[in-house]
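Colleague: I've got a model open and I'd like to talk it through with you. Can you take my questions as they come?

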Amino acid sequence: MGASGEPVGVTRSIVILGGGIVGSALAAYLCEQGGLMVTVLEAGPPERLIGSTGHAPGYLGVFNEVSVATELARASAEKYEQIRYGGRAGFDRVGGLEVATTPGGMADLERRATLAVEAGVPVRVLAPEQAASAAPALVDPRRCTGGLLYPHDGTTRADVITAALRERAVESGARFVYAARAIGIETHADRVTAARTATAAFPADDVVVACGIWGPAVLAVVGQILPLTPVAHPYVYGPAHGKLRGNSAFVRWPEHHVYARDHGDRFGLGTYDHNPLAVDIAARATDAEQPWVAAEFDPAVTAALDLLPAVSRFDPERRLNGVFSMTPDNLPLLGPTEDIAGLWVAEALWVTHACGAARALVQMMTDRPSEIRGLERLRPGRFAGQSAELCTERALRLYRDIYATT
Ligand SMILES: Cc1cc2nc3c(=O)[nH]c(=O)nc-3n(C[C@H](O)[C@H](O)[C@H](O)COP(=O)(O)OP(=O)(O)OC[C@H]3O[C@@H](n4cnc5c(N)ncnc54)[C@H](O)[C@@H]3O)c2cc1C
């Protein structure tokens, strides 16, 4: 140990707030650099992921009409594919299937296929019978006018990935502190000096906010406005279907704002086809799961289930209202804050983008170039000067078309 109590050779102390998939990935990548002391403060317990990561059903679609998002997804998928933890894989490349139910819907898919090819993302245009047979348990051939198959897409296990990243970080020297909710970020002369919980201060040269839906509350303590809107989202699980499968493509019906997957032992389905609901998440809320909003969600789920073949429709056994983050342009908030040196933001990141984004932020923090192009488009300060109401309104307007921008 050196005189200040730090391990010898440590030149910089970094405190990450939040130990979901993003905070854990940041810790793992930071620890690959020499001379850094990395501490993760996590409000929740070690054995359960209380944030959005603990609730994500796991779709990873590589193609996005914004190229930086495609690049982050591609980089993340490559990392997830290498991960195994507790005998389970982090990612199964089962493919992603987009299904059209009208000729107009198919025309839009063909437009997307052209863009995907331009972005270097493999995609196949499918005739109706081919689309139905790519996921026969989930696609009703009578309501299918064709589809797109993205063979590089797949399903993630966010809990497996997060556990593996945490383990890798700890083995490389990171310290995870649980039940440690940050309630303050200390600064001196517009520079970060520490993060604080109710009982302790953690000196820091850099603080990274990776608190997901709690990010705005955390940044508000230093007067920073984060243009992030937590939204409620319904996802339902069916009863066990008795056949162990799980290798079928993940399915999306973009015209209906619905998606479904086979979890192996049961089906799951989510829908965006309801009035968007902003959630005023309390700074001390202990879970990203909130009470089910029956009046909004039940009709949407019933309509969504109707898209499945009759034999696969189910009575939901579990109804989840999971909260996740949205921004006014459907893109993450990644990079330094503009007026506090050493304060960084890694927010509004999907599982789809988490690892690629964490690696890119570590490169920014250590002054190294990134292979990801277009990161400036994700600058956290890009909505400066726009009112909070306008930002929320724009974020909510994009909710139904989650893969669109602005
Ligand atoms: C129902 C649902 C479906 C989804 N579907 C998909 C999908 O198919 N594909 C996809 O890519 N993504 C999906 N997502 C989104 C995805 O889950 C999230 O975007 C992602 O998990 C966010 O990770 P995170 O680490 O940023 O946040 P979180 O997982 O929320 O982690 C933030 C952590 O910060 C901690 N924290 C909060 N405040 C503090 C504080 N003050 N001090 C210390 N710690 C704090 C929390 O306890 C939490 O553990 C879905 C989400 C939900 C809810």
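Colleague: Let's start with the overall build. How many helices and strands are in the protein chain?
Modeller: Both kinds of element turn up in this predicted model. Counting along the protein chain gives nine helices and 23 strands.

Colleague: What radius of gyration does the protein chain have, and what would a compact globule have?
Modeller: The C-alpha atoms fill a box of roughly 70 × 45 × 40 Å along the principal axes. For 406 residues, a compact globule would come out near 22 Å, and the chain agrees with that, at 21 Å.

Colleague: What share of the residues is buried?
Modeller: To count as buried, a residue needs a relative accessible area under 20%. Of the 406 residues, the buried share is 56%.

Colleague: Of the contacts between residues at least 6 apart in sequence, what percentage join residues at least 24 apart?
Modeller: A contact here is a pair of residues with heavy atoms within 4.5 Å. Take those between residues at least 6 apart, and the part joining residues at least 24 apart is 74%.

Colleague: And the charges: how far apart are the centres of the positive and negative sets?
Modeller: There are 37 positive side chains and 45 negative ones. The centres of these two sets are separated by 3 Å.

Colleague: Now a helix. Why is α1 described as largely enclosed by the rest of the structure?
Modeller: Helix α1 covers residues 21-31, and its buried residues include I21, Y29 and C31. The helix counts as largely enclosed because the buried tally is 11 of the 11 residues.

Colleague: What do the buried residues of α9 pack against?
Modeller: The buried residues in α9 are C391, R394, A395 and L396. Their packing partners are two strands, β16 (229-237) and β21.

Colleague: Since β21 came up, is F324 buried or exposed?
Modeller: F324 sits in strand β21, residues 318-326. The cut-off for buried is under 20%. F324 has 15% relative accessibility, so this residue is buried.

Colleague: R382 is an arginine in a loop. Is R382 buried or exposed?
Modeller: R382 belongs to the loop between α8 (351-365) and α9 (388-397). Leaving out residues up to four places away in sequence, R382 touches T327, D329, L331, P332, L333 and R377. Its relative accessible area is 16%, so R382 is buried.

Colleague: Which backbone oxygens does the R382 side chain reach?
Modeller: Two polar contacts answer this. One runs from a polar atom of the R382 side chain to the backbone oxygen of R379, at 3.0 Å. The other, at 2.9 Å, goes to the backbone oxygen of L378.

Colleague: That loop also holds D367. What is the phi of D367 near?
Modeller: D367 lies in the loop between α8 and α9. At 73% relative accessibility, D367 counts as exposed. D367 is not a glycine, yet its phi is positive, near 55°.

Colleague: Where does A189 lie, and what is its phi?
Modeller: A189 is in the loop between β12 (184-188) and β13 (191-196). With a relative accessible area of 67%, A189 is exposed. Although A189 is not a glycine, its phi is positive, at about 50°.

Colleague: How far is H188 from P254 in space?
Modeller: H188 has its place in strand β12. H188 is exposed, at 59% relative accessible area. In sequence H188 and P254 are 66 residues apart, and their C-alpha atoms are separated by 49 Å.

Colleague: Last one: which residues does F202 touch, not counting those up to four places away in sequence?
Modeller: F202 is in strand β14, residues 201-203. F202 counts as buried, at 11% relative accessibility. I185 is 17 residues away in sequence and 9.4 Å away in space, C-alpha to C-alpha. The residues that F202 touches are V15, T39, L41, R175, V177, T193, A194, A195 and T197.

Methods. Residues numbered from 1 in each chain as written. Predicted model: local features only at pLDDT ≥ 70, side-chain atom pairs only at ≥ 80, totals over all residues. Heavy atoms only, no water. Helix = DSSP H or I, 4+ residues; strand = E, 2+ residues; numbered from the N terminus. Rg over C-alpha atoms; globule rule 2.2 N^0.38 Å. Buried < 20%, exposed > 50% of the residue type's maximum accessible area, 1.4 Å probe, protein only. Lys, Arg positive; Asp, Glu negative; His and termini not counted. Charge placed at Lys NZ, Arg CZ, Asp CG, Glu CD. Polar contact = N/O pair within 3.5 Å; in protein donor to acceptor, adjacent residues only side chain to side chain.
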